[in-house]
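Biologist: Could you take me through the aromatic rings here, and explain the terms as we meet them?

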Amino acid sequence: MILEAVMLQVKQGMEEEYEKAFRQASTIISSMKGYISHDLHRCIEKQGKYLLQVKWETLEDHTVGFRQSEEYKQWKQLLHHFYEPFPTVEHFSKVYSK
């Protein structure tokens with residue numbers, strides 16, 4: 001299992017619209033091969049800042065299976081115009097948990 005983690009900055013005043021669009025986009029990502037789960041967290045201290053965490057079975061399920069799919073085009077159309085600046089996506093493997 002790998003964890004995709006992304007810090008997102010949504011354009012000022014678009015937070016409510018973004019959260020609505022994200023709920024719609026969630027049906028897209030959750031239908032993909034290798035998808036396990038995802039969470040979107042709203043920052044308490046900074047308006048418009050979010051943390052997205054997506055669990056995938058493999059790195060390739062995200063980077064190839066999702067990112068090179070027709071479904072990803074729909075995801076981009078729903079969400080990418082909200083971000084300023086455009087986010088950096090990083091992937092992590094678990095080292096320890098309790």
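Modeller: Let me begin with a definition: helices (H or I, at least four residues) and strands (E, at least two) are DSSP runs, numbered from the N terminus. This is a predicted model, in which local features need pLDDT of at least 70 and side-chain atom pairs count only at pLDDT 80 or more, while totals for chains, interfaces and linings use all residues. Residues are numbered from 1 along each chain as its sequence is written, and side-chain values use heavy atoms, with hydrogens and water left out.

Biologist: Why are Tyr18 and Phe22 said to be separated by about one helical turn?

Modeller: Both belong to helix H1 (residues 15-29) and are four residues apart there, so about one helical turn separates them.

Biologist: What makes the pair of Tyr18 and Phe22 tilted?

Modeller: Rings of Phe, Tyr and Trp (its six-membered ring) pair if their centres lie within 6.5 Å, and planes under 30 degrees apart count as stacked, over 60 as edge-to-face and the rest as tilted. A search of the whole structure finds 10 aromatic pairs. In the pair of Tyr18 and Phe22 the centres are 6.1 Å apart and the planes stand at 45°, so this pair is tilted.

Biologist: How do you know whether Tyr18 is buried or exposed?

Modeller: Buried means under 20% relative accessible area, exposed over 50%, and partly exposed in between (1.4 Å probe, protein chains only). Tyr18 has 0% relative accessibility and therefore counts as buried, and Phe22, with a relative accessible area of 5%, is buried too.

Biologist: Which residues do the ring pairs link into a cluster?

Modeller: The cluster includes Tyr18, Phe22, Trp56, Phe66 and Trp75.
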